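What follows is a walk through one structure, taken a region at a time. Keep the sequence and the 3D view at hand while reading.

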Amino acid sequence: MKYSSQAKQLRLDIFSGTLEKSLDPSNRWYKLANSMPWDKIERIYNKSLRNRHSGGGNKPARMVIGALIIKHKMNLSDEETIQLIAENPYMQYFIGLEEFTGKPIFDSSLFVYVRKRMNVESINEMSLAVMEAECGKGKGNEGDNADKKKDEQRDDDDSFVDEEGFLHKGSIKIDATCCEVEVKYPTDLDLLNDAREVSERLIDKLCRLSGSPKPRTHRKRARHHYLQVIKKRRKSKQLVRKGIKQQLGYLGRNIRSITDIISKGSTSMFDSLTKKEKQWIGTIIKVYHQQKGMYDTHTHQCPERIISVFQPHVRPIVRGKSKSKVEFGSKVGVCVVGGYTFIDHLSWNAYNESEDMKQHIKAYYERFGYLPTSCYADKIYMNRGNRALLKRYHIRAAGKPLGRPSKEMQTEACRREAAKDEGKRNEAES
C-alpha cells in the first residue's frame with residue numbers, strides 16, 4: 001500500500017475567538033492573570049508618567065508590567081520577551097489582550113524607558129498590592145478564621161500585644177545582596193582607553209560646532225600603544241604601568257583641548273551638547289585625576305572609584321563570595337514577608353548591611369501597621385547593638401545567641417529550634 005503525505009497544513013481554529021473562551025483555565029499564566037490587582041498596579045504605574053497634559057499616549061499598565069513579569073520570571077532578554085509573547089496565547093492573555101495576534105506588542109526598546117521610570121517605591125507598592133490581593137481573596141473565599149490560619153501557617157508565629165501596646169504579627173527575614181550589572185571587567189588600562197576614545201569623540205563634535213580646526217590627538221598612535229599592551233598574553237607590571245602612563249598622557253592632552261575649545265567658544269555651543277555628552281566631560285576628567293593619583297602613589301584604591309565611563313555610578317562591591325570576591329552593581333537590603341520581597345535600602349556604594357536592621361523594622365511597621373514577632377537574619381546582622389534593638393521592640397532574634405552556648409542551648413529541643421530557624425532564613429538567603 002502506498003502512502004502519500006498531506007499537501008495542506010492543518011488549520012488550528014482554537015484562537016479564532018476571544019482568548020478568555022479559548023484558553024485552558026488551569027494554565028499558570030491564566031491563573032496568575034486573574035489573581036493580579038491590575039487596577040492598583042495601573043494607578044501605581046501611572047504615577048511615574050509625565051504625559052497627563054502633553055505627549056503621546058502610553059501603553060496599558062497591564063501590558064507593560066505583565067511583560068516585565070514574564071521577562072524576569074522566564075529570565076529572558078528584552079528581544080526574546082517580545083518574541084515569546086507574540087508566540088504564546090497564554091502570555092498574551094496575561095498582559096491583557098483579548099484576541100491572539102502574531103505581531104509584537106511593542107518595541108523591545110520600551111523596556112529601557114520603563115526601567116528608568118520605575119523606582120523602588122513603585123516596586124514595593126506593587127508588591128504590597130499583590131500581597132493584599134492574595135490575602136483578600138483568601139479571606140473572601142474561606143473566611144476570617146481561614147485567613148488567620150493561613151497567616152499562622154506562613155509565619156509560624158503567634159500574634160501578641162507587647163507592654164507598650166504595639167501589636168506584633170508575622171515574621172521578617174532580611175538579607176543583603178548585590179544586583180550585578182552588565183559591565184566589562186574593569187582594568188585601569190581599558191578604562192583609560194575608553195576615556196580617551198570618548199574624549200576624541202567630544203573633540204570632533206566641539207570642533208564641528210565651533211568651526212575651529214581639530215587639535216592634535218595622536219589617536220592612531222594611542223590606539224597602537226594600547227593594543228601593544230592589551231594583546232600580550234602575559235603582561236608584566238612594568239609593561240602595564242608603561243601603558244597606563246602613555247594613555248594618561250594622551251587623555252590629559254585631549255582634556256586640555258576640550259577645555260580650550262569650550263572656553264573660547266560661546267555658551268550656545270556647550271548647550272548644544274546632549275546631557276550624556278556633558279556627563280562624559282565630567283566623567284573623563286574625574287577618571288583622569290583618579291588614575292593619575294593612583295599612578296603617582298603606586299596604589300590601586302581611591303574613594304568613589306569609577307570603573308566604567310559609560311556607567312559612572314557603578315561601584316565595586318567587595319562581597320567575598322566563592323564565585324567572585326568583588327561584584328559590580330547596586331547593593332540592596334531586602335526583607336521577605338509572607339513570600340513577598342520588599343526593597344528597603346538600595347545603594348551604589350558599599351556599606352555594612354548590619355546598619356539596616358532599624359530601617360527594616362521601621363519599614364515593616366509603616367507598611368503593615370504592626371511589628372514582627374520574629375526576625376530571621378544572618379550572623380552579620382545579629383551583633384550586640386541589633387540584638388539590643390530587637391529586645392527593646394520585643395522582637396525575637398531567631399538564630400544562635402552570642403557567647404558560649406549554655407547547657408539549655410545544648411539540648412535536643414534547642415538544636416531542633418535552631419535548625420528550624422535556619423531553614424526559614426533560607427527563603428531570604430536564596
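At 12% relative accessibility, D344 counts as buried, because buried means under 20%. This value, like the others here, comes from a predicted model. The side chain of D344 meets that of R367 in a salt bridge, with 3.0 Å from N to O. R367 sits in helix α15 and D344 in strand β6, so the pair ties together parts that are 23 residues apart in sequence. R367 is buried too, with a relative accessible area of 18%. In general, side chains of opposite charge can pair when their charged atoms come close.

Strand β6 covers residues 340–347 and runs antiparallel to strand β5, residues 326–337, with 7 bridges joining them. Across this pairing, K331 stands opposite S347 in β6. The two strands β5 and β6 form a hairpin with 2 residues between them. In its turn, G338 has a positive phi of about 60°.

K331 also takes part in a salt bridge: its side chain meets that of E353 at 2.8 Å, N to O. This pair links distant parts of the chain, since K331 is in strand β5 while E353 is in the loop between β6 and α15, 22 residues apart. Both K331 and E353 are buried.

Strand β5 has another neighbour. It pairs with β3 in the antiparallel sense over 8 bridges, and E180 stands opposite G329 in β5. Strand β3, residues 171–180, pairs in turn with strand β7, residues 374–376, this time in the parallel sense over 3 bridges. There, the bridge partner of K173 is Y376 in β7. How much of β3 is buried? Of its 10 residues, 7 are buried, so the strand is largely enclosed by the rest of the structure.

Salt bridges occur elsewhere as well, and the structure holds 15 of them. One of them joins the side chains of R196 and E200, at 2.6 Å from N to O. Elsewhere, K71, D78 and R115 are linked in a network of salt bridges.

I85 and P104 are 19 residues apart in sequence and 7.7 Å apart in space, C-alpha to C-alpha.

The loop between α14 and β4 calls for a look at backbone angles. Most residues other than glycine have a negative phi. H298, which is not a glycine, has a positive phi of about 55°, and H298 lies in this loop. E304 likewise has a positive phi of about 55° although it is not a glycine, and the place of E304 is in the loop between α14 and β4. Are these residues buried or exposed? H298 counts as exposed at 58% relative accessibility, whereas E304 counts as partly exposed at 39%.

R216, R221, R253 and R256 form a positive surface patch. Of these, R253 has its place in helix α12, residues 237–264. R253 is partly exposed, with a relative accessible area of 33%.

Terms used
Residues numbered from 1 in each chain as written. Predicted model: local features only at pLDDT ≥ 70, side-chain atom pairs only at ≥ 80, totals over all residues. Heavy atoms only, no water. Patch = residues over 30% accessible without salt bridge, like charges linked within 9 Å, V, L, I, M, F, W, Y side chains within 5 Å. Areas by Shrake-Rupley, 256 points an atom, 1.4 Å probe, with all protein chains shown as cover. Salt bridge = Lys/Arg side-chain N within 4 Å of Asp/Glu carboxyl O. Lys, Arg positive; Asp, Glu negative; His and termini not counted. Charge placed at Lys NZ, Arg CZ, Asp CG, Glu CD. Helix = DSSP H or I, 4+ residues; strand = E, 2+ residues; numbered from the N terminus. Buried < 20%, exposed > 50% of the residue type's maximum accessible area, 1.4 Å probe, protein only. Pairing = 2+ DSSP bridges.
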